[in-house]
Amino acid sequence: MKMELSRVFSIGLCGLAAGLFFCAAGPSSASAQSKIQLQAQKIVVETRLKAMAWNSTCQSDIVSLCKGVKSGNGRVYNCLVRNKAKLTEGCIKTLPKAKPLVAQLRQIEAKLRPAKIIHDAEYTIIEAQNRKAWAADDKAIDKKLAEIRKKNGDKPPNIVYILLDDVGFGEIGMDELSVIRGYKTPHMTALAKEGLSLNRMYTEPSCTPTRVAMMTGRYPTRTGLTEAKATLAGDGLSAEEVTIAEVLRDAGYYTSHVGKWHMGDIEQAYASNQGFMHAEFPIHQQGQLAIMGRDMESADIIRGVDPNRQKQTFTLDKLFTPDPAHMVTGVELRDGKLYEVEMKAGEAWTQKKYREMNERYQRNALSQLRKLAKQDKPFFLNYWPLFPLSFVQEHRSQYNTLNGGTMADVLVEVDEWIGEIVKEVDKLGIAENTIIMVMGDNGPFLQYEGPTGQTDRIYRGGKTDHLEGGVRVNAWVRWKGVIEPGSSAEDIIHVSDLFTTFARLGQALDGVPRDRVIDGVDQTGVLLLGETHGRRDYVHIYEGPTLKSVVKNKYKMHLAAPGDNPIAAPIFDLYRDPRERRPVDGIKYGPWAGGQFAGMIKRHLALKQKYKDRPPTHGKPYEGIENLRPESKKIVEIFLLGLPQK
Ligand SMILES: [Ca+2]
């Protein structure tokens, strides 16, 4: 990572004590001073920084301690300060000398930064009509946040965010509904009663896209990462994306990730390089860990992965059928380095190991919680369990449900785990300054409907579908003493909104990038002021890179096939027809709604002319993992041979 320090410092930032003042002043526009004057000042400060010979004094520290930390927003400087104890003597001496200059640069950068976050065209339209009401809300929100902070020693709230895999709306936390499918999730049902239910939470249709949207505040298609991959891919979340973990970390949070990640197998995509100071996660996901194994072939969950089950007479490419044990499994960040854990060379991957991995993440999420609660810093704990996804019937003495499906049964177990986390927050005495949020990441995995015991229910469709069944999930937020217990909101929320909302709650809005479209809108109003204080009445629903439907208020249009008149595309009234079976009468709605939807889609796509979708980011898989097993090295070697050689 060759990088001039002047460049490192030249991009505005927040987070350090000296910088906070300027950040708190907000990204005000450069009204008094012209942009040119500010840019000239910036060059002067940068030159002075350069004259301090930073390059030679701190370069080795940056390479060894801040590898993977992105330039921009002062992240590298923050990294050096964080690692002060480990820095070389020369670098330590230079840090205080540079501090006032860095602060000055921040001030200039804050002024140069565009004042507003760039949102989708649709947001601009509703913002213009609600400006007055939102300004009043903002005042009330700021007052409330200031009161909460005062009560908690000026510390912004901790955030515990739990994202469950493949559980669509009605599968969790609604016991009266789930009894008809032979199970209950009492702990999540209790959580719903203690907090706010977000009844119109939209996600993306599958794992990777939802996680990208949550982490970056952007529709995944803008980031170039839309596919949910299971095998070696050589791509992932770009270093250029700014994640909520980075935004919160730079504002003084301790950031910790435990569990599923699923945003790529290249080094820059790892959780540990996307803003998390503690990170333990599998490089891939359950396709490898819960589906592709030989145990799973014996259970008839998958076919073709066990070479011993059929003659291999004409098999020339023995790696075409992947062995899950050849791919890297779980990794952990230890002293700044990433290691694969609990997996020996030559070892097979089994359902037993998958279960152990899940139990380890639960154990470690709890121990993280205990550790983080003791620190002075506020924390962001991002816990994304791999369970309830589970496909093999485990032989246990006791089953949990009448349903008996592999996933229904494990779901009840995960419900208990969530109960443990909530209980621990209460026990640690941090409940009043800790937001707990639990939600699903997409609809049910209907492709495995039989063995898992899952099915779609209120909404039609499941994972990978743009239908409501694919993208509607339960979501609850508990914040003791702040959010009214048992409340609910019908405002539309999209998972990307969490990026912006968490940034505001963490006093970190200044870290939200202003050079790209941020789809996530600030929904703090729904949390603090309640229903009807949301700032979104629309969602664009993509399947991969393709826009498939658009929601506005209670209406939803499924996009017309190429060549068909968009005005005549089917429109559904989601309150009257939640399963999207009978489009509304085209003659009665088409003339106005069809045209309005078509315009909404055009505006959304037009913004992409200025802010283009990023192409996918490619690289060598598994770089930066210290202890790659020989079998993992081999599959990478062969994978690379298949790529165009330079
Ligand atoms: Ca999922």
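**Exercise 1. Find which residue of β14 stands opposite glutamate 543, and describe the sheet around this pair.**

Glutamate 543 stands opposite threonine 546, a residue of β14. The model is a predicted one, in which local features need pLDDT of at least 70 and side-chain atom pairs count only at pLDDT 80 or more, while totals for chains, interfaces and linings use all residues. Residues are numbered from 1 along each chain as its sequence is written.

Step 1. β13 and strand β14 (residues 546-552) run antiparallel and are joined by 6 bridges; two strands count as paired if DSSP finds at least two bridges between them. Strands (E, at least two residues) and helices (H or I, at least four) are DSSP runs, numbered from the N terminus. In general, strands of a sheet pair through backbone hydrogen bonds, either parallel or antiparallel.

Step 2. The open sheet has 4 strands in the order β13-β14-β15-β16, with antiparallel pairing. β13 (538-543) and β16 (571-573) stand at its edges with a single partner strand each, so one side of each is left without a neighbour in the sheet. From one strand to the next, the twist averages 20 degrees.

Step 3. Across β13, β14, β15 (555-558) and β16 lies helix α21 (residues 586-610), which runs at about 125 degrees to β14. Such angles run from 0 to 180 degrees between N-to-C directions, and axes are lines fitted to C-alpha atoms, for helices over the stretch in contact.

Step 4. The loop between β14 and β15 holds asparagine 553, whose phi is near 55 degrees, a positive value in a residue other than glycine. Asparagine 553 is exposed because 11 other C-beta atoms lie within 10 Å; a residue is exposed if that count is 12 or fewer, buried if it is 20 or more, and partly exposed in between, with C-beta atoms placed from the backbone.

**Exercise 2. Work out where glutamate 424 lies and which residues it is in contact with, leaving aside its neighbours within four places in sequence.**

Step 1. Glutamate 424 has its place in helix α16 (residues 406-427), and it counts as partly exposed because it has 17 C-beta neighbours inside 10 Å.

Step 2. Once its neighbours within four places in sequence are left aside, glutamate 424 is in contact with Leu366 and Leu369, where contact requires that the C-beta atoms of two residues, placed from the backbone, lie within 7 Å.

Step 3. The axes of helix α15 (residues 351-374) and α16 are 10 Å apart, and the two helices pack at an angle of about 10 degrees. α15 and α16 are therefore roughly parallel to each other, a description given to angles under 35 degrees, while those over 145 count as roughly antiparallel, 65 to 115 as roughly perpendicular and the rest as oblique.

Step 4. On the α15 side the meeting residues are Gln362, Ala365, Leu366 and Leu369, and on the α16 side they are Trp417, Glu420, Ile421, Glu424 and Val425. By class, the contact of α15 with α16 has 6 nonpolar, 1 polar and 2 charged residues; Ala, Val, Leu, Ile, Met, Phe, Trp, Tyr, Cys and Pro count as nonpolar, Asp, Glu, Lys and Arg as charged, and the others, Gly among them, as polar.

**Exercise 3. Determine how many residues of β5 are buried, and which strands are joined to β5.**

Step 1. Of the 5 residues of β5, 5 are buried, so this strand is largely enclosed by the rest of the structure. His278, Glu280 and Pro282 are the buried residues on one side, and Ala279 and Phe281 are those on the other, which leaves both faces covered.

Step 2. β4 and β5 run parallel and are joined by 3 bridges, and valine 258 stands opposite glutamate 280 in β5.

Step 3. β5 and strand β6 (residues 330-334) run antiparallel, also with 3 bridges between them, and here phenylalanine 281 stands opposite valine 331 in β6.

Step 4. The loop between β4 (254-259) and β5 (278-282) contains histidine 262, which is buried because 30 other C-beta atoms lie within 10 Å. Histidine 262 has a phi near 65 degrees, a positive value in a residue other than glycine.
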